[in-house]
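Student: Please take a close look at the strand pairing here. After that, go on to the side-chain geometry elsewhere in the chain, with every cut-off stated.

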Amino acid sequence: MEQWQQYIDLVQSEVVPALGCTEPVTVALASAKAAELLGGLPDSIQVKVTPNLYKNGMGVFVPGTGKAGLPIAAAVGASAGDASKGLEVLATISEDALNLAKQMLSQRKVSVSMVSNDDVLHTVVNASRNQDKVEVCIAKSHTRFEYIVKNGEVVEQADAVQCAPASETHHLELSIDRIVDFVEQVPVSQIEFIKRAASLNRALAETGLTGDYGLALGASLQAQVKQGLLSDDLINRSMRLGAAASDARMGGALQAAMSNSGSGNQGIAATMPVVAYAEIKDLDNDTFVRALMLSHLIAIYVKSKQNKLSALCAATTAAMGASAALTWLMEGDLAAIHRAINSMVGDVSGVFCDGAKAGCAMKVSTGASSAVKSAILAVAGNCVSAQQGIVFESADDSIVQLGVMSKTAMLPTDEAIIATMQNKQAS
C-alpha cells in the first residue's frame with residue numbers, strides 16, 4: 001500500500017497540465033518571475049540556456065503569440081506571464097501584453113545564447129529595470145527555481161530537499177511487473193484523476209483537427225477517412241488523434257496539454273491510443289482509468305532511464321506506455337506486455353529528436369502506429385526477439401539498454417543535430 005501511494009505521487013508530479021512546449025515555457029516562467037521581482041516590464045532580458053533546451057525552443061510556436069522561438073517566449077513571459085501558474089504561465093495573454101513583447105523584440109531588448117551545463121534544463125534569465133537587476137535560474141525540472149538573486153542579494157535558493165525532485169524514480173522499485181500489479185489492484189477511486197489526461201488531450205486533438213495549427217497532419221488524415229482512403233480503425237484513429245493534439249500544441253494553440261515527464265507530446269503519446277481504443281470499444285470507466293494509469297506510469301518509467309532531454313525522440317518512447325496499455329486491454333498477459341514493449345524498442349529506438357516543432361506530429365503519429373502494431377503482435381504471441389538488436393528477453397532490460405544508448409551512443413548525434421540547427425539559423 002505504501003508503494004502504491006508512491007506510484008500515485010509520482011504520476012501526480014509527472015503528469016501535469018502544460019500550456020505550450022515545455023522548453024520555451026521554462027524560459028517564459030523564468031522571465032515572468034524576473035518581471036515580477038522587478039515590478040514591471042524589464043528594460044532588457046538576457047537568456048542563457050543549454051544546447052538541448054535551445055534545440056527544443058527554436059522552432060516551436062509559443063501559445064497565443066503566433067511566433068516561434070525562445071526570444072518571444074522570454075518577452076511574452078515578462079509582459080504577460082504569471083509565475084505562480086508554473087507550466088501554465090502563459091494562460092492569459094492580452095493584446096496589449098503581446099504588443100509589448102513584440103516591441104521588446106523589435107527594439108532588440110531580448111537576447112538568447114547557449115551555455116554548457118551538465119543539467120540539460122539549466123536556464124538563466126538576467127533582467128534589469130531602471131536601477132534594479134535580477135537573475136533567475138531554473139534547473140533540474142521545468143519549473144524548479146534553483147536560485148533567484150536581486151541586486152546582488154539571494155532572494156531564493158533551492159534547499160537540499162528540493163535538489164532531489166519528487167519525480168526522481170531511483171528510490172522507487174519500478175518495473176513492468178510491479179506497475180501492472182499496482183494498476184490491476186489499486187482502487188479506481190485513488191487513480192481516477194488520470195482521466196484528466198484524456199479530457200485535456202482529447203480536447204487538444206479536436207482543436208488540431210480544425211487544420212488551423214502546425215503541420216495539420218491530424219486534419220489531413222481525418223480528411224482521408226472521410227474520402228474513404230483510410231479507415232477509422234484503431235491504428236488510424238490513434239495516429240490521427242495523436243497527430244492532431246500535437247499539431248495544436250506545437251502550433252501555438254492557447255490550450256493546455258496533459259504532459260508526461262515534462263513534455264506535452266509525451267503526454268499525448270501516452271494518452272491518445274488508449275482514448276482511441278476506449279472510443280471504439282466503448283470501454284467502461286474503471287477499465288479506461290486503469291489503462292490510462294498503466295500507460296502513463298510505464299511512460300514515466302521508460303523516460304526515467306533516459307536524460308530529460310536527448311537525441312532520442314521521447315514522444316515515440318512514451319508510446320511504449322500506450323502499447324502496454326493496449327496489450328492489457330486486449331487481454332494480453334504480463335508476458336505479452338513485455339513482448340509489446342520489446343517490439344517498440346526494436347521499432348522506434350532509432351528515431352532521433354531534432355528539436356520541438358510542427359514536425360513532431362509526424363513522430364507522435366509514428367509512435368501511435370508502433371504502439372498498436374506492437375500490441376497486436378504481442379497478443380498474437382510474437383515480438384522482436386532478444387536475438388535482435390538491443391532487445392532483451394525482459395522488457396525491463398530493454399528499457400535500461402535504450403536509456404544507456406540515449407545517454408552514450410546518441411550524444412554525438414545530439415551534437416551534430418544542434419550544430420546543424422545552429423548553422424541553419426546563422427545562414
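Tutor: Two strands pair if DSSP finds at least two bridges between them. The strands themselves are DSSP runs of E with at least two residues, while helices are DSSP runs of H or I with at least four, and both are numbered from the N terminus. The model is predicted, so to speak of a local feature requires pLDDT of at least 70 and side-chain atom pairs count only at pLDDT 80 or more, whereas totals for chains, interfaces and linings use all residues. Residues are numbered from 1 along each chain as its sequence is written, and side-chain values use heavy atoms, with hydrogens and water left out.

The part you ask about is an open sheet of six strands with mixed pairing, in the order S3-S2-S4-S5-S6-S7. Its edges are strand S3 (110-114) and strand S7 (153-157), each of which pairs on one side only. On average, neighbouring strands of the sheet are turned by 15° against each other, direction ignored.

Begin with strand S2 (residues 44-49), which runs antiparallel to strand S4 (residues 123-129) and is joined to S4 by six bridges. Serine 44 stands opposite serine 128 in S4, and valine 49 has threonine 123 of S4 as its bridge partner. S2 also runs parallel to S3, with five bridges between the two.

Strand S6 (residues 145-150) and S7 run antiparallel and are joined by four bridges, with valine 149 opposite valine 154 in S7. The two strands form a hairpin with two residues between them, and asparagine 151 in the turn has a positive phi of about 50°. Phenylalanine 145 has the charged end of lysine 33 over its ring, 5.4 Å from the ring centre. The criterion for a charge over a ring is NZ of Lys or CZ of Arg within 6 Å of the ring centre and within 35 degrees of the ring normal.

Now the aromatic rings. A pair of such rings is described by the distance of the centres and the angle of the planes. Rings of Phe, Tyr and Trp (its six-membered ring) pair if their centres lie within 6.5 Å; planes under 30 degrees apart count as stacked, over 60 as edge-to-face and the rest as tilted. A search of the whole structure finds two aromatic pairs. Tryptophan 4 and phenylalanine 182 have ring centres 6.3 Å apart and planes at 65°, so this pair is edge-to-face. It links distant parts of the chain, 178 residues apart: tryptophan 4 is in helix H1 (residues 2-14) and phenylalanine 182 in helix H6 (residues 176-185). Tyrosine 7 and phenylalanine 182 form an edge-to-face pair, with 5.2 Å centre to centre and 75° between the planes. Tyrosine 7 lies in helix H1 and phenylalanine 182 in helix H6, so this pair ties together parts 175 residues apart in sequence. Trp4, Tyr7 and Phe182 form one aromatic cluster. Tryptophan 4 and phenylalanine 182 are both buried, and tyrosine 7 is buried too. Buried means under 20% relative accessible area, exposed over 50% and partly exposed in between, with a 1.4 Å probe and protein chains only.

Helix H6 also holds valine 183, which is buried, with a relative accessible area of 1%. Leaving out residues up to four places away in sequence, valine 183 touches Arg290, Met293 and Leu294, where contact means heavy atoms within 4.5 Å. Valine 183 is 112 residues from serine 295 in sequence and 9.8 Å from it in space, C-alpha to C-alpha.

Threonine 207 is in helix H8 (residues 195-208) and is buried at 17% relative accessible area. Beyond its neighbours within four places in sequence, threonine 207 is in contact with Tyr213, Ala248, Ala253 and Gln255.

Last, the cysteines. A disulfide is a pair of cysteine sulfur atoms within 2.5 Å, and the count comes to zero by this rule. The closest cysteine sulfur to that of cysteine 353 is in cysteine 313, 6.3 Å away, which is too far for a bond. Cysteine 353 is buried, with 15% relative accessible area, whereas cysteine 383 is partly exposed, with 29%.

Technical notes:
Axes fitted to C-alpha atoms, helices over the stretch in contact; angles between N-to-C directions.
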